[in-house]
Amino acid sequence: MMPNIILMISVALVLPVYLEAIHGMYPFGHPELFYKKSNCKPIPTTLLLCHDIEYSEMRLPNLLGHETMKEVLQQASSWIPLVQKQCHPDTKKFLCSLFAPVCLDDLDEPIQPCRSLCERVEQSCAPVMSAFGYPWPDMLDCSRFPEDNDLCIPPASVDSFVPTTKEVPQVCDACKDKEENDNEIIENLCKNDFALKIKVKEISYINGDTKIIPETKSKTIYKLNGVTERDLKKTVLWLKDGLQCTCDEINDINAPYLVMGQKLDGNLVLTSIKRWQRGHREFKRIARSNRKLQC
């Protein structure tokens, strides 16, 4: 089993547990593994990664070795930020061919993605993953997939491809690039319950929300109001409805961020995420506040 690696989409991208999501992929070239009690199952509406694809039933186990719908739902949500990045028009088709392979009653053998489909998605999306420090996973090595034939899923042809007219996912409110003068960041900080300077350790998605765990050693406290030091011992930050919006503001796991938010129902909910900019006057002012800013 591959290690649990989380990718930031954040994508929106942060692109969370990519490698974990494919830890169980069946070895292609061993078709006997595909006949392990495969059943046709309706694609649930909660499988957001494959919402509105061209077919309604999927195989279980799937091509990643997931044997229960619960496992499919848990792992598939981590790839939504990559689709939202729109690095290639066939990203969703490729991922769904693995997570939710089409199921046909009169066909025993699963329909795999064609090698050319994998190669085109990899060529466009691997650089996006690389920007977050993750290589294209070995388990998605395109040589594992069959050469183009009548029984694999091909990429959209250039002639037939129609650019999408769907609405681009909106930017999360906390991640919107707002033009602020020298004092507005400080004023915003004073309106919130907490302000932290952090680096991101992990990003994952739970019930549609983005869960952010900071690096413990990178955390600096600038303001606490109703938030105790105990609350921050094992800090978990939440970006509400993070799967429904994008957050390009967090696109580098090595960069520090100034995050602000409020304590709601015991959770630390983010209202603002900004990349820490050394040299900018307002950030210098915060840094000089000797940890806890006096508002």
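Asp108 is exposed, because its relative accessible area is 57% (exposed means over 50%, buried under 20%, and partly exposed in between, with a 1.4 Å probe and protein chains only). The model is predicted, so local features need pLDDT of at least 70 and side-chain atom pairs count only at pLDDT 80 or more, while totals for chains, interfaces and linings use all residues. Residues are numbered from 1 along each chain as its sequence is written, and side-chain values use heavy atoms, with hydrogens and water left out.

**View 1. A patch of negative charge on the surface includes Asp108.** Asp108 lies in the loop between α4 (91–99) and β3 (112–113); helices (H or I, at least four residues) and strands (E, at least two) are DSSP runs, numbered from the N terminus. Glu57, Asp105, Asp106 and Glu109 gather with Asp108 in the patch. Residues of a patch have over 30% relative accessible area and no salt bridge, and like charges are joined within 9 Å, nonpolar side chains (Val, Leu, Ile, Met, Phe, Trp, Tyr) within 5 Å. A salt bridge is a side-chain nitrogen of Lys or Arg within 4 Å of a carboxyl oxygen of Asp or Glu.

**View 2. Cys50 and Cys96 are joined by a disulfide, S to S 2.1 Å.** The pair links distant parts of the chain, 46 residues apart: Cys50 is in the loop between β1 (39–42) and β2 (57–60), and Cys96 is in helix α4. A disulfide is a pair of cysteine sulfur atoms within 2.5 Å, and by this rule the count comes to 6 disulfides. The torsion about the S-S bond of Cys50 and Cys96 is about -115°, so this disulfide is left-handed. Cys50 and Cys96 are both buried.

**View 3. The sulfur atoms of Cys87 and Cys125 are 2.0 Å apart in a disulfide.** Cys87 lies in the loop between α3 (80–84) and α4, and Cys125 in helix α5 (residues 115–131), so the pair ties together parts 38 residues apart in sequence. The link of Cys87 and Cys125 is right-handed, with 90° about the S-S bond. Cys87 counts as buried at 16% relative accessibility, and Cys125 is buried with a relative accessible area of 0%.

**View 4. A disulfide joins Cys175 and Cys247, S to S 2.0 Å.** Cys175 is in the loop between β4 (152–153) and α6 (184–191), and Cys247 is in the loop between β9 (237–239) and β10 (257–264), 72 residues apart. This disulfide of Cys175 and Cys247 is left-handed because the torsion about its S-S bond is about -95°. Cys175 is buried, with a relative accessible area of 5%, and Cys247 counts as buried at 3% relative accessibility.

Methods: Areas by Shrake-Rupley, 256 points an atom, 1.4 Å probe, with all protein chains shown as cover. Lys, Arg positive; Asp, Glu negative; His and termini not counted. Charge placed at Lys NZ, Arg CZ, Asp CG, Glu CD.
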